[in-house]
Amino acid sequence: LYRNPRSRRLIIELGTVLRLTLLPTSPLPRDLVSFDVGPGNHFLNQFVHRLSQGKYAFDPSGHFAVQGQQDEEILSHWSSHPFLLQSPPRILDDQAFGESFIESSLAMARERRRAAKDLLCTACHFVARCLNEALTRFVPEPSPADEVFLVGGGMRNGLVRKMIEETLAPRQIRPSIDVGVPEEIRPAAHAALFAYMAMENLPVGARALGAIVPGSTAHWDRWVCNLADRFDTDARRAA
């Protein structure tokens with residue numbers, strides 16, 4: 001849906017977790033880079049829920065976080081998390097930044113006499129720092145000509161979005177609607193692709209569907225190349 005045969009495209013998905021996908025001009029799966037960068041919305045929302053004593057489920061537009069100040073010591077402590085030291089491919093476990101991590105972080109903030117807004121601000125900076133570190137360490141040297149797309153519910157958090165834009169500058173962040181993929185249809189598109197994979201006898205892991213769909217990984221190259229050719233053909237017809 002996003003690949004362009006003329007330029008690389010970087011997809012930053014700020015959903016439950018922060019995920020990065022670099023789509024090369026080649027349709028070959030082995031040239032694709034995709035992995036979980038670090039925590040995303042769920043991480044931020046846990047702090048909001050706990051610090052507001054359940055009054056808020058999330059920070060609307062980053063309104064509370066933008067009023068705080070980051071704590072560099074807490075930020076450095078979080079940045080030493082073992083998951084962030086792993087090389088891709090990697091998938092973030094639900095418990096990696098779960099309840100015990102949140103509890104210890106709240107305790108550390110109390111010890112340092114930090115206000116709730118300071119901790120929220122620090123959490124937003126942490127998400128952006130994870131992305132910056134991942135781009136620096138694991139993604140081939142970006143080009144100013146590369147196209148960048150930000151997707152996911154977290155794009156509505158103004159503070160996180162601003163920091164991600166600064167991290168990716170001078171490249172301009174584009175919405176997915178620019179390539180004909182409205183944000184609202186992405187879940188349906190995912191479901192359709194999973195169904196297609198099952199029909200083509202391609203393996204889909206338990207993490208995705210809750211059950212293992214039999215299939216051979218040997219089909220991957222053929223399937224992805226064929227699908228990319230179809231999209232390219234449709235794009236030429238539309239042009």
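**Questions on a predicted model**

Modeller: In this predicted model, helix α2 passes helix α4 in a right-handed crossing.

Biologist: What makes α2 roughly antiparallel to α4?

Modeller: The axes of α2 (residues 72–79) and α4 (residues 99–111) cross at roughly 155° and come within 11 Å. Angles over 145 degrees count as roughly antiparallel, and therefore α2 is described as roughly antiparallel to α4.

Biologist: Which residues of the two helices meet?

Modeller: From α2 these are Glu 73, Ile 74, His 77 and Trp 78, and from α4 they are Phe 101, Ser 105, Met 108 and Ala 109. The residues of this contact comprise five nonpolar, two polar and one charged.

Biologist: Why is strand β3 called largely enclosed by the rest of the structure?

Modeller: A residue is buried when its relative accessible area is under 20%. Six of the seven residues of β3 (residues 33–39) are buried, so the strand is largely enclosed.

Biologist: How do you know that strand β2 pairs with β3?

Modeller: Pairing requires at least two bridges, and six bridges join β2 (residues 17–23) to β3, the two running antiparallel. Leu 18 stands opposite Gly 38 in β3.

Biologist: Why is Thr 167 called partly exposed?

Modeller: Thr 167, in helix α6 (residues 158–168), has a relative accessible area of 23%. Buried means under 20% and exposed over 50%, so a value in between is partly exposed.

Biologist: Which residues beyond four places in sequence are in contact with Thr 167?

Modeller: They are Ala 128, Asn 132 and Leu 135. Thr 167 also lies 8.0 Å from Leu 131, C-alpha to C-alpha, although 36 residues separate the two in sequence.

Conventions:
Residues are numbered from 1 along each chain as its sequence is written. This is a predicted model: local features need pLDDT of at least 70, side-chain atom pairs count only at pLDDT 80 or more; totals for chains, interfaces and linings use all residues. Side-chain values use heavy atoms; hydrogens and water are left out. Axes are lines fitted to C-alpha atoms, for helices over the stretch in contact, and angles run from 0 to 180 degrees between N-to-C directions. Helices (H or I, at least four residues) and strands (E, at least two) are DSSP runs, numbered from the N terminus. Angles under 35 degrees count as roughly parallel, over 145 as roughly antiparallel, 65 to 115 as roughly perpendicular and the rest as oblique. A crossing is left-handed if the near helix is turned anticlockwise from the far one by less than a right angle, and right-handed if clockwise. Contact means heavy atoms within 4.5 Å. Ala, Val, Leu, Ile, Met, Phe, Trp, Tyr, Cys and Pro count as nonpolar, Asp, Glu, Lys and Arg as charged, and the others, Gly among them, as polar. Buried means under 20% relative accessible area, exposed over 50%, partly exposed in between (1.4 Å probe, protein chains only).
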